[in-house]
Amino acid sequence: MQSEIQAPLNITRIAVRDSLIRPTVLQASLLGEYASLLMMGHALFGAAWWAAAVPKNPAALIMVLSGLWIAFRAVGGVAGEKSTAAVSVLMLIMTGVLAITGVSRVPEWMTGSIIAPIVSTIILVVLLIVEFLDGRVRSEARLTKPERRKRDGVALKLAFVGLFLAWGLGVPAVKAIYRASHPLPEKLAMERMSFVEEAGFRCGEAMVTACFFALGANIGSFLNVVVWRMPLGISIVHGDSRCPICSTKIANRDNIPIFGWLGLGGQCRACRTEISPRYPIVEAITGTVFLLFYFVELISGGANLPVREINAYRGVLWIIMYPKWDVIGLYLYHCYLFCVLLVLTLMALDRSRIPRRLLIFAFTVAIALPLAFPDLAVVPVWPSLPTGLISSAAYVGAGTIVGLLIGCVLNWAWRRSLQHEPSEQMATIPSSGLIGAVFGWQAVLSIATFFCGLMLVRIMLTDRVDRLLWHLFVTVLIHHLLWRVMSYWSGYVWPHASCSVTSVILPLLIVAACVVVIRRNTLSFSPK
Ligand SMILES: [Zn+2]
C-alpha cells in the first residue's frame, strides 16, 4: 500500500537501483567520467582486435570476454552487487595468467601492445579498487570513524597476506602449470626450478621485501618520538611511550607501526582520546621510502645512481643474500638523509625549535661517512679529479657549502611569507646543506632548480607559499628516483659528472630568475 503511494516519487531512485548501469565514484568527477569512457573505448577496441585477428585462439575468447566485462564495468555496470567483484576477480585471474605465461600463436605486436593481456589485468585491478572505494562510500554512513579505521586495519592485513601468497605461491604455481606444457629448451634447463624450489625462493624474496618495509616503518615510529620529544628536551632513548592525556603506558601490541593505530581505531585504549593520524602517516611514509629505494636503488644494483656502473648481478639473491656492501651502504646512507629531512620537516610543521644537537649529529654523520667510505660519494666533484679521500672530502665540502648557500637564497626569497613560521626558516638552510653533503653540489643545484620551478607553478596556480619543506622533501625524493635518468638526458647542459663551467650557468640563471619572481610574489603576502 505504502509503496504504491510512494512509487511515483521514487521512480528515479528505483530506476537507478534496478538499472544495469549505476553511478560509481568514477562518475563523481569529470576526470573520472573521462577515465571510465577511455577504459570502455579501450576495452571494446581490444576485444574487437582479438576477435578479428585470432578468432580460433582460446586466448582470444578470454580477451574478448574480459574486454566486454571491462567495458560494461567501466561505465558502472551492476555496480554494488557482491557477485560483480567475484566476476572481476575471475577475469583478473584469467588475464593475469595470460600475462604471465604469454600467448602462443599470436602476432608478436599484439602481446606487446596496448591491447596486451597485462594492460587488461592492470585495468581490472583499477576497477576492483573502484569497486572497493564504492563499497566504502556506501558503508561510510553506517560506521563510526574508529570502526572504519579498525576495518581498514583488517583490510590492510588481508591485502598484505594476499600479496605475499600471490607472489610466493601464485606466480610459481602459474609458471609450473605453464612449464608442464611448454618445457624450456635444453640449454636453459639448468635454470629450471621445481614448484617447491621456486615457491621457497619467492617466499624468501617476499619476506625480505616485507622486512625492509617493516624496518622503515619502525624507524618512522622512532622518528615520531624524536620529533615529539627532542624539542622538549626529553630523552629519546629512555622512557616508555605513554598516552599524552591519561599517561597510560602504550602496550607493545598497540605500538606496532601503522597496524597498532588502525587496530585501536585511532583512539587511546584507556581514555578513548583521539591519537593523531600523523603517527601512522609518518610510519607509512618512512616505510614507503625504504621500500621504494629498496626496489629502485638496492636490489636494482644502484640503477638510479649516475656515473657509478650498475651491478651486473642484481636482485635479492645477489645484493642481499650475497651482500654487496657498497650498494647496501649507499642505500642506508640515502635512507638516513631522508629520515633527517623528514624530522626537520615535521619539526618545522610543528613550529618547534630545531635542537642544535640534532643538527650537529645530522651533519657529523652526513659528512663523516663519505670520508670513511669514499664509495658513498657518487658523483666526482670535478671530472678530472681522482677518487679517494681528497676527492670525497672535496665532495662533501663543496656539496655542503653549495647546499648551505642555496638554502640561504631560498630562505631569503621566502623570508617575508615565512615570518609567521620561524622554524621553517631555521630548517631550510640545514636541510639544503645536508642534501648537498649527501648528493654533491651538482645534485643540490638541480634539486634547487626543480624546487623553484615547482614552487613557481604552485604560486601561480594556488596563490600559496606555505609548506616549503614538504615540497623540498618531495622534490628530493623524485630527484633521487630519477637521478640517473636526468644526468643521462641532460648531457652537457646540466651539472653532473662530466660538466663544464657553462653547464653550471644555466641552472644558476633559472634559480636566480625563480627566486626574483618568488621574492616579488611573496612580498605581496602580508605576514599573519
Ligand atoms: Zn589515554
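Let's start with Ser247, which is exposed in this predicted model: its C-beta has 9 other C-beta atoms within 10 Å. You'll find Ser247 in the loop between helix H8, residues 195-229, and helix H9, residues 259-263. What is its phi? About 60°, a positive value, although Ser247 is not a glycine.

Arg351 sits in the loop between H12 and H13. Is Arg351 buried or exposed? With 12 C-beta neighbours inside 10 Å, Arg351 counts as exposed, because the cut-off for exposed is 12 or fewer.

Okay, let's step back to the whole chain. We have 19 helices and zero strands. Of the 528 residues, 32% count as buried. And if you take contacts between residues at least 6 apart in sequence, 71% of them join residues at least 24 apart.

Now for the helix pairs. As a reminder, two packed helices are described by the angle between their axes and the distance between the axes. On the screen, please find H12, residues 325-349, and H17, residues 468-481. These two pack at an angle of about 165°, with their axes 9 Å apart. That angle makes H12 roughly antiparallel to H17, and the crossing is left-handed. Which residues of H12 and H17 make the contact? From H12 we have His334, Leu341, Leu342, Leu344, Thr345 and Ala348, and from H17 we have Leu469, Trp470, Phe473, Val476 and His480. Sorted by class, that contact has eight nonpolar, three polar and no charged residues.

The next pair is H13, residues 356-372, with H14, residues 389-414. Here the angle is about 160° and the axes are 8 Å apart, which makes H13 roughly antiparallel to H14. The crossing of H13 and H14 is right-handed. On the H13 side, the contact is made by Ile367, Pro370 and Leu371; on the H14 side, by Leu389, Ser392, Ala393, Tyr395, Val396 and Thr400. The class count for H13 with H14 is seven nonpolar, two polar and no charged residues.

In soluble globular proteins, nonpolar side chains tend to be buried together. In this chain, the largest nonpolar core has 78 residues, and the members touching the most others are Leu341, Val343, Leu344, Leu434 and Val444. Which helix gives the largest share of this core? Helix H12 does, with 15 residues. There is also another core lying apart from that one, with 23 residues, among them Ala47, Ala59, Ile115 and Ile123.

Let's zoom in on Leu434. Setting aside neighbours within four places in sequence, Leu434 is in contact with Leu337, Val340, Leu341, Ala362, Phe363, Ala366 and Gly403.

My last stop is Val316, in helix H11, residues 315-321. Val316 has 19 other C-beta atoms within 10 Å and is partly exposed, because a buried residue needs 20 or more. Now try Arg202: although Val316 and Arg202 are 114 residues apart along the chain, their C-alpha atoms are separated by 9.9 Å.

Key
Residues numbered from 1 in each chain as written. Predicted model: local features only at pLDDT ≥ 70, side-chain atom pairs only at ≥ 80, totals over all residues. Axes fitted to C-alpha atoms, helices over the stretch in contact; angles between N-to-C directions. Helix = DSSP H or I, 4+ residues; strand = E, 2+ residues; numbered from the N terminus. Parallel < 35°, antiparallel > 145°, perpendicular 65-115°, else oblique. Left-handed = near helix turned anticlockwise from the far one by under 90°. Contact = placed C-beta atoms within 7 Å. Nonpolar A, V, L, I, M, F, W, Y, C, P; charged D, E, K, R; others polar. Core = buried A, V, L, I, M, F, W, Y, C linked by C-beta atoms within 7 Å.
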